[in-house]
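Let's take a walk through this one together, a stop at a time. Have the sequence and the 3D view open as you read.

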Amino acid sequence: MEILISVMIGVLFTVSTYLLLSRSLLRVVFGTLLLSHGAHLLIITMAGLQRGVSPLLSLDADAYTDPLVQAMVLTAIVIAFGVTSFILVLSYRIYKVHQTDDLEELRGSADE
Amino acid sequence: MTILHWATLSPFLFALLIPMLYKYIKRIHTGWFVLIVPLVLFIYFLSFLPVTSSGGSVNQTLNWVPSLGINFNLYVDGLSLLFALLITGIGTLVVLYSIYYLSKGTEKLNNFYVYLMMFMGAMLGIVLSDNIIVIYVFWEVTSIASSLLISYWFYRKKSIDGAVKSMLITVFGGLSMLGGFSLLYVISGTFSIRELIANADMIAESSLFLPAMLLVLLGAFTKSAQFPFHIWLPDAMEAPTPVSAYLHSATMVKAGIYLVARLTPVFGGSAEWFWIISIAGTVTLFWGSISAVRQKDLKSLLAFSTISQLGLIMTLLGLGSAAFYYSDGMEDSLYTTAVLAAVFHLVNHATFKGSLFMTAGIVDHETGTRDIRKLGGLMTIMPITATVSLVGLASMAGLPPFNGFLSKELFLQATVNVVSFDFFNLETWGVLFPVFAFVASVLTFLYCIIMFAKAFTGKFKPENYDAHVHEAPWGMLISPVILGSLVIIFGLFPNILSSSIIEPAMAAIMPHTQGFDVKISHWHGWSSPALWMTIGVIVFGLGLYMLMNKWSQTSFYLKERDPLNQVYDNWYDGLVKGSQTVTRIQMTGLLRDYIAYMAIFIVMLLGYSMIRYDAFAIDTAHVSEVTPYMWLLVLAFTAATIAVPFINNRLTAVIVISVIGFLLSLFFVQFRAPDLALTQLLVETVTIILFMLVFQRLPKLKKEKSRPRFKLVNLIVSIGVGGIFTMIALSSFAFGSDVNYDSIAEYFIENSKELAGGYNMVNVILVDFRGLDTMLEILVLAIAALGVYTLIKLRLKGSEDV
């Protein structure tokens with residue numbers, strides 16, 4: 001399954017990079033969102049999938065899935081949420097001030 | 001920290017007080033407070049004279065980074081004491097002079113004295129340190145202080161240009177020197193000069209000997225303004241005159257000389273050292289003197305003459321290194337005269353050039369011009385200034401009975417001695433040294449006459465000056481008069497220096513030779529070649545001056561700018577244009593380009609590392625099985641992801657994005673991560689609400705109207721990034737299962753209950769084991785929330801064109 005997920009991560013990274021490179025600010029926001037999904041999956045997959053039961057001691061099993069990785073990814077999800085919401089509002093503000101979300105038009109003047 | 005350490009650092013410490021003194025005690029010129037430091041230090045260093053003149057030395061250690069062999073060890077011997085006395089002695093006189101030169105009402109005295117003290121401390125550090133890394137640090141500090149002082153009147157464009165030029169050239173040299181020092185460390189394993197000298201034989205046999213020598217010399221030559229790096233010194237004359245007198249003639253430019261003298265025991269004795277230094281010195285001597293003749297500005301003339309004199313001392317050190325080749329342990333004046341002349345001339349140059357710069361400053365200060373075409377007849381109006389100048393110029397020209405005569409004769413004698421050497425191919429080429437020395441001396445004599453005759457003799461024309469011309473105030477005259485008196489005293493009684501200063505310094509430069517017995521005499525008999533050369537210099541010099549009307553109309557005299565500046569100017573323009581071009585290509589103002597640069601760089605770096613270290617691997621043995629349900633999830637997820645770039649409707653896009661998010665939480669369920677699934681579900685829900693909130697105000701999604709070539713590049717870059725991350729995921733999984741170590745997760749599995757009393761390990765890690773991280777994470781969220789709130793609420797009035 002790890003190989004399959006790895007390929008899926010590749011797809012996520014490809015699409016999010018493509019979105020980041022686009023002209024529309026909204027697509028850039030989508031790109032960052034997908035990029036963080038990719039990163040979370042990457043961290044989880046690196047550690048190996050389904051190596052045991054869920055990391056709950058009450059299940060009393062022989063093997064548990066790596067809890068440290070999950071703790072890290074949980075932190076990452078929350079931070080990514082903060083970043084996404086900030087960028088979303090930032091792009092909303094940019095659109096409001098400049099009346100465009102085209103990054104080509106938003107670039108500074110040449111002699112800046 | 002010993003007293004010696006405190007003394008060395010005291011200028012830096014005092015510099016901290018200067019801004020306060022300047023601000024709160026306005027009535028008294030800040031210079032009076034500053035004057036105490038060099039004066040006390042001078043007296044303090046005088047107390048070392050008995051030690052060094054009896055052949056001893058003082059060594060004080062202070063560990064700084066002992067594990068790297070970098071220690072702040074101070075070492076006082078004849079050579080370092082000579083320089084320390086010069087730095088503090090001339091420093092005292094210069095500070096005194098500056099009190100009258102810079103008026104307290106209009107000038108930023110705090111800046112001036114802070115830079116000056118910074119320089120003084122750094123210069124003391126250079127000459128007293130035993131550790132070459134410490135020397136390097138202080139060396140760069142002097143470069144910085146020098147540039148700051150050159151640009152002291154920073155509103156003048158020429159000052160800024162001069163500062164940039166000196167900075168670029170001396171720091172370039174400093175960095176080369178650091179390279180040389182590192183090579184010396186590679187060879188010998190030590191940064192201590194004492195130990196380097198002790199290991200001189202080992203260094204001489206190393207294959208890195210020549211590169212190390214060349215790099216160190218590059219540092220010394222740039223600092224001491226040797227050809228072709230001398231071009232920064234004339235431009236440094238934009239600095240206030242006290243600075244020119246102090247840094248750019250008496251002390252800082254002699255740091256290179258100091259370094260060469262100090263390292264002569266390490267490198268001396270090799271033909272390369274002899275030839276490189278001698279040739280560089282001789283060319284500088286000649287070039288400086290011929291350029292000085294062309295100058296119309298008093299300070300420029302003095303700057304080129306300084307270059308020429310530095311070349312003279314450098315030549316002498318080069319010639320003197322032959323003593324190491326020949327050395328039989330006892331003094332032989334045939335070989336050691338050159339070093340004697342170098343040390344003696346070093347002292348003499350500081351005295352006469354210091355006084356000359358100060359009198360040139362007085363002329364500038366009182367008349368408002370330094371142009372010799374405007375000046376003239378000042379002798380009657382400024383008699384004391386004129387007298388001091390005459391003494392200084394006569395000394396520089398090499399006339400008796402002044403000290404310059406004695407060292408100039410020794411110099412000529414040393415060049416004549418070279419002819420009789422029978423090694424380093426000197427049988428063939430040695431004769432060139434006296435020839436060049438003679439020609440340069442004639443030119444030196446010539447520009448000395450020109451300077452005196454044009455400025456002080458002739459007819460006084462009041463219409464040439466804006467100011468009312470009068471003699472300088474007595475306070476301004478004290479320092480040049482003291483230096484002028486020293487010129488005469490050293491000229492009449494040179495032997496008061498010989499056993500106290502010169503012999504210990506020579507012993508430091510040539511530690512393997514014993515029995516120095518320096519007797520400097522005025523008269524060597526009619527058979528002395530130096531005497532006839534001096535007479536020849538006077539005759540030819542006067543002759544050329546008589547013919548001045550003939551050659552003063554040629555383009556040689558009319559164009560005064562050093563042709564080598566052309567090279568620097570072109571290089572500098574090219575540098576600026578080049579960096580502008582690079583910036584223009586790189587800084588397009590387009591987010592897309594910046595992200596593309598980063599993506600391409602990441603792909604190249606990671607791809608290179610993977611290939612270089614053969615780091616790609618696929619592990620099929622440890623993979624877990626894929627259920628049909630999983631296939632379904634992956635297919636749905638991939639399809640939704642690929643669809644996103646093609647959607648041109650914002651509502652559809654938001655829906656698809658949230659579908660991806662919710663599918664992800666299903667993945668987390670499959671990965672046995674219930675907490676992640678819960679969090680993802682929650683976050684996705686809030687994100688969707690957020691999207692919906694701003695939805696009405698968001699722009700409509702349009703079809704991308706980029707050029708096809710753009711799109712293709714984007715696609716290639718994206719696929720590259722995706723590919724590299726797939727490979728990383730596969731490889732790290734493979735290597736992770738490959739290595740048999742205990743996962744640190746075991747610790748948490750074992751201790752969650754015992755230490756934290758929790759059953760849910762992920763929760764325990766977050767709130768207990770890594771509680772502080774989580775707290776900071778909350779802080780990050782709070783900052784993001786603040787940002788969001790501000791961005792929505794903030795209403796900037798008026799200008800919104802940010």
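**Starting from a loop**

Pro228(B) sits in the loop that runs between α10 (209-223) and α11 (232-235) of chain B; helices here are DSSP runs of H or I with at least four residues, strands are runs of E with at least two, and both are numbered from the N terminus. Before going on, a word on conventions: this is a predicted model, in which local features need pLDDT of at least 70, side-chain atom pairs count only at pLDDT 80 or more, and totals for chains, interfaces and linings use all residues. Residues are numbered from 1 along each chain as its sequence is written, while chains are lettered from A and ligands numbered from 1 in the order in which they are written.

Back to the loop. The peptide bond from Phe227(B) to Pro228(B) is cis, with omega near 0°. Ala225(B) lies in the loop between α10 and α11 of chain B too, and it has a positive phi of about 55° although it is not a glycine. For context, most residues other than glycine have a negative phi, and most peptide bonds are trans. Ala225(B) counts as buried, because 30 C-beta neighbours lie inside 10 Å; the cut-offs are 20 or more other C-beta atoms within 10 Å for buried, 12 or fewer for exposed, and anything in between for partly exposed, with C-beta atoms placed from the backbone.

Another cis bond joins Pro400(B) and Pro401(B), where omega is about 5°. Look for Pro401(B) in the loop between α19 (383-397) and α20 of chain B.

That brings us to α20 itself. The axes of helix α20 (residues 403-419) of chain B and α22(B) come within 8 Å and cross at roughly 155°. Axes are lines fitted to C-alpha atoms, for helices over the stretch in contact, and angles run from 0 to 180 degrees between N-to-C directions. α20(B) and α22(B) are therefore roughly antiparallel to each other; angles over 145 degrees get that label, those under 35 count as roughly parallel, 65 to 115 as roughly perpendicular and the rest as oblique. On the α20(B) side the contact includes Lys408(B), Phe411(B) and Leu412(B), and on the α22(B) side Phe433(B), Pro434(B), Ala437(B) and Ser441(B). Two residues are in contact if their C-beta atoms, placed from the backbone, lie within 7 Å. By class, this contact has eight nonpolar, two polar and one charged residue; Ala, Val, Leu, Ile, Met, Phe, Trp, Tyr, Cys and Pro are nonpolar, Asp, Glu, Lys and Arg charged, and the others, Gly among them, polar.

What about α14 and α22 of chain B: how do their axes cross? Helix α14 (residues 271-294) of chain B and helix α22 (residues 432-456) of chain B have axes that come within 8 Å and cross at roughly 25°. α14(B) and α22(B) are therefore roughly parallel to each other. Among the residues making the contact are Phe286(B) and Ile290(B) of α14(B), together with Leu443(B) and Tyr447(B) of α22(B). The contact of α14(B) with α22(B) has 13 nonpolar, three polar and no charged residues.

Now for the nonpolar cores, which are sets of buried Ala, Val, Leu, Ile, Met, Phe, Trp, Tyr and Cys residues joined through C-beta atoms within 7 Å. The largest has 206 residues, and Met117(B), Phe119(B) and Val339(B) are among those that touch the most other members. Helix α17 (residues 333-367) of chain B gives the most to this core, 18 residues. Apart from it lies another core, of 73 residues, including Phe13(A), Met72(A), Val644(B) and Phe667(B).

Finally, cross over to chain A. 73 residues of chain A are in contact with 85 residues of chain B. On the chain A side, the largest share, 24 residues, comes from α3(A). That side divides into 46 nonpolar, 20 polar and seven charged residues.

Asp60(A) lies in the loop between α2 and α3 of chain A, with a positive phi near 55° in a residue other than glycine. Asp60(A) counts as exposed, because it has 8 C-beta neighbours inside 10 Å. Arg51(A) is placed in the loop between α2 and α3 of chain A as well, and with 17 C-beta neighbours inside 10 Å it counts as partly exposed.
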